[in-house]
Amino acid sequence: MDQTIQNKFIPQQLLYFIAGRRCCLQFACSFRTQDHNKFTECAHSLGLRSQYVVSDGQGCMKIFKQSCRHYLEKPKTLALSQSTVMAMSSLLPNTVVFGRDELQMSAEFISLKIPSLHVPMAAVRPPAPRLKSEKHREFLNRIPSFACLSDILTSIYSHRVFVFKAELYADKSLLFPIIILEDSEFKKSNLKIICVERENIVASYNSGRLADFLGENVGETVGIEVPQHSCLSSNTHIVFTTAKYFLRSLINKSPRNLNNISHFLVNDVHLHDPYTDILLCELKKALTVNQNLRIILLSQGCDSQQFIAFFGEGTEFTANQTCPSSNLQISYIEDVQNRISTAKIYKGLEIYKKRPQIFRNKSVRNEQLDKCLQVYEELGTDTAIRLFLYSVNYEFSPINYQHSFTGKTAINIAVKLNNINHLRLLLYMGANPYLIDNHHENAIYIANSRGFTECADILNNYSRHGFVYKNAKPEFVDYDVIIDIIYLLCAKTDFPPGNILIILPTYYHMVKLNYMLLIHLIIGNLRSFATYVLHDDMNMEYLHSLINADANTIKIVLATGIIESLHLPVSFKYLIDTACERKIWYDGRICSTVDAIEWVAKDCLLRRINILNTEVSTDCQCFRLMPKDTYQKLQETGLPALQTMHLDKICLIVKLLSPNTIISEYLSYTIAPPPYINIHQTVQFLKKIDVLDDSEDVTWLGCRLVDIPISCQLGRTLIFGILLQCLDPILTIVSSLCTADPLSIPLNEDIDSLWDRFTIYIQNCIKGERNRLAADQFSDHFVFLRLFDEWQNRLKNNIPSLYLTDEHEFMLNGLMEQLNCTRSKILSALRAVNLVQCQGPLSTQSVSSKSNNWPLVKAALTGGMYPNICAVDQRNGTRCIKSAYSMEISLHPNTVIRDFLEPLNISAQGVLNGSQWIVCSKQRDNIKYATIVLPLSVALFAGSTNLGSGQILEIQPSPNDDNIHFFIDEWIWMVASKSNYEPVMKAREHFFRFYQYLLMNCSDAQKWRGDSSIIEQYLLLVESFASMFANEDYEAGFKKCPQIGFKPLAKLPNNYLLSINTHFIWPRQIDDKSALTQRQNIAENYLHIAEKQYFLLYTQESSSNFYQNVDASYIESVIGKFVRPIESPNRHIYVILYSKDPDVCLSISRVKIQKGEIIFKEYFRNVLPVYEILEGCASLKLNAPSFEGRLLSSLIDKRVGNVIMDLFAFRHRWVHNK
């Protein structure tokens, strides 16, 4: 038998491995030790590499092909300074011995100790009768299904499962609670309704509307139960909640606990929210034990039979479609561009387009791209163009890059070479054939003039059917086209006035477009409108501002997909639909999630169109920013999120809901089962980070992470931050990874058309800013900390300034608002599960007391971000980065360690000698954010929490070598002297005892008393770690980092976009004259574009001091006599503030008379050199005003004022701040 295994089975398995696609394979640990040598011998004979590794304390063989990129050529050295070894050794004699009961857990213990969320459910009873109000009758009469309400009620009570299909305008979330409540009052039947929404904001909004409809406050008949907001009473019969929160409340309970519920209303089931799909599984179980339960599923145009088949019973009802589609016109991107090209849109002087391109040829990247184009022009081969295409694909260089001296583009050169294949490829990648070089030739002219008929045919076909590349790809939102559409709707008389809805894929896109709308509104070339934003993470103030807005104000609403679930009392006449959404894809093969912007399905586009209620607004129009051919190829329905997303939190809550069921088995019974391979890979990942144990049972870590609203890996990072008392920076880093990056390197398509010719310069400036913030720490995570810290320091009175500086500042304020909101939510969740407490060692101040120790923060990142750890290794004699999961690792242009491997990077060489480990966040095989970390942090905190001396393995024993080779996991391979290894392993065991102690006992205040011996030892350990990592960081060659520390977030703002959008809305005057004018003809006022007048105002103060010291009497004295005679609703008056020495303009404010008093409202603030104004006036042949300061105030030509306004409005942070 032994000979059979060694001579036949092992060679056969290796041959199977060679024939397969995998580059490396770990063979099971069941093979005996004597078989390992046979594996090594056979592998060598077949040209394979082998390595004896240790996984979970057991030895096994890992076989690699020669092409494998995972294989570490040699172990990484763990060398400690003498002071660190002594500090560790001093800790060991004082190690506290934990009792067995303190660290052991069982499934039964978990079920008793895991925190239970309780949705208070009083005994079900009949509601008290109430009188119908006029509002009640009006609501029911305007419902399309009013005539069928009796049939609906009959179906509900004759079937336990009822599926109701109707569009958003049917207001299903209010309709069904109202009619069921009314019926229960009439019949005096018991009633308790749970209304399930997909988002917290939707549940809060609908509960408030229903309570207002009943003439009550939330908490009486209607209640709300969502995280951080609970309002119920003994009289509550209708409870609004979310699927995620209600599922959490079911943990440790049986389906019989739903006996106090009479009706379940689950809204938006067509969206297949993952938690909603899991809830449907639980409701299906509840039906088996609760015969009287009624489940009502509300959807918008999905396949009802799918849900009826899932439950095995039920009926459906479809509301009549009352919205006529004949009044709706849908325009695709081709139609939109035709309209724009013939509309003669005037958006201002665009003075910046006349500026010389002075930044084009002053960087190394420009020189490299120039050489790439020169080589391609000389050789013309496929190999020659690859250099340029590599720079486009991996360096984010623009496909339309023009040579610094000749102005030639790659597509011009391809046509000159008459290379058909290259021409097609470049056009597909978005190359523009209309760009003219320094000889005034473009690609089309070159093809026609030289008689290249095939190239000419391709380009002519492009001219007829082609369009800008960013409109053909969902990941690029064309803001310029959206602004052009707004000009069509708000500056042309062809389109009657009406509210505009713009649907965008993410919050980031909303913030950017919000800024562009504001500057075009301020420069006065558009009719007046008000801007509102709606997104998933907003608070109720954003919704209330829209709902309570003046009905006579034209509204532009920027929204994400949340708009599909919000029934708003606002009718929209125009819809601009980007037709794309953010989709999260999980690749378990490389343990990475990828955020992608993709086209939505046809059913989603239909739901968005139905938001335009054509019964209220006639002649509605929808502008779809996608090609019509692309629309024809779309799927009818989108993939459910369960089939694409990372399933870590789903697997965790499934296991807590059903501890005795295998996760894959449970998920296979959902209405949209995820692929088995995704489930398997996720479960293996959760086992690796100790959220699940080897038996697939939930660990203490999993019990604590279930209530933290982030991924399990990031939640684990927070645990390390708490234990190492550096929570505040870890909280900022985790929140930054959950939100958009304000300093992300833009692609050429992401930059506005006004600045796209400066793409490389802008990219270089942003990289330079990232490097400045990194402060030679070789860490993108440190960039997040510095960016947030500097933003906080710039805030005045904890409030961002309500004027515009430039796009970057606006984007930063908007994105920091979201980041700060995310920080607040996470911290509230940590407090709710007692991981952060009010006092003691777990108080907010205590767990952030080491926040200024950056080496300790890096150590916390190492433990939390595991297994996302890479190593700098050798491949064919050159440095490369290797990972346990990715075959080919590349560095994203975003990361500041991109130049880390450059041989000429002197500052990096010293660090590279001391540390070769990288903690990272990846997107597919690209490292987007990374931090170079110490070997000590990898040895102490990476890998399993149960790692101990069993991992010792001498790979190459030698009598003269006392080094020990050991594995943290099956891939992380290290070597250390015995004198270094033993204290590290003992310190590791000591730390993870406290790790388990925290997770098990964080809810027990008695066990976290400051006078406890265990806590004293814990605090001593953290102090020792802080000094050890600081010392090792210095020894490794890292520079001392700038000061970071604990900064509370309680007073930071969270309504920046709402505040600044409101700032630019002037309240209406209530005097008789203006009121009469508005009532007589609102449309006439809307069609009128205001006249503008400009005044120069001299000051010797800074902008801040001027606006702080200015009062009504001063304003009256310097400008009152000019303003009062000419001020009117249709004339905008602006004051331009300037100063001398240096000669600069400081700000622009609008002047208006309110309640008889002249007031200034600052619109723009920046430092605009006067010479730029003089150059602009000269280029436009305008007489420049005097900036000598002899006159305190003076009227200037409005054409010159428009030039100054443009220079302020379209100022770019990176182009103008050199």
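In the predicted model, helices α11 and α26 are roughly parallel to each other. The angle between them is about 20°, and their axes lie 11 Å apart; since angles under 35 degrees count as roughly parallel, the assignment follows from this value. Helix α11 spans residues 274–289 and helix α26 spans residues 648–657. Their crossing is right-handed. On the α11 side, the contact comprises P274, Y275, I278 and E282, which meet K649, I650, I653, V654 and L657 of α26. By class, seven of the contact residues are nonpolar and two are charged, with no polar residue present.

Across the whole structure, the search returns 37 aromatic pairs. In one of them, formed by F164 and F317, the ring centres are 5.8 Å apart and the planes meet at 10°, so the pair is classed as stacked. This pair connects distant parts of the chain, with 153 residues separating F164 in strand β5 (residues 161–165) from F317 in strand β12 (residues 315–318). F164 is buried, at 0% relative accessibility, and F317 is likewise buried, with a relative accessible area of 16%.

An edge-to-face arrangement is adopted by F1106 and Y1114, with 6.2 Å from centre to centre and 75° between the planes. Here F1106 counts as buried at 3% relative accessibility, whereas Y1114, at 28%, counts as partly exposed.

Conventions: Residues numbered from 1 in each chain as written. Predicted model: local features only at pLDDT ≥ 70, side-chain atom pairs only at ≥ 80, totals over all residues. Heavy atoms only, no water. Axes fitted to C-alpha atoms, helices over the stretch in contact; angles between N-to-C directions. Helix = DSSP H or I, 4+ residues; strand = E, 2+ residues; numbered from the N terminus. Parallel < 35°, antiparallel > 145°, perpendicular 65-115°, else oblique. Left-handed = near helix turned anticlockwise from the far one by under 90°. Contact = heavy atoms within 4.5 Å. Nonpolar A, V, L, I, M, F, W, Y, C, P; charged D, E, K, R; others polar. Phe/Tyr/Trp six-rings, centres within 6.5 Å; stacked < 30°, edge-to-face > 60°. Buried < 20%, exposed > 50% of the residue type's maximum accessible area, 1.4 Å probe, protein only.
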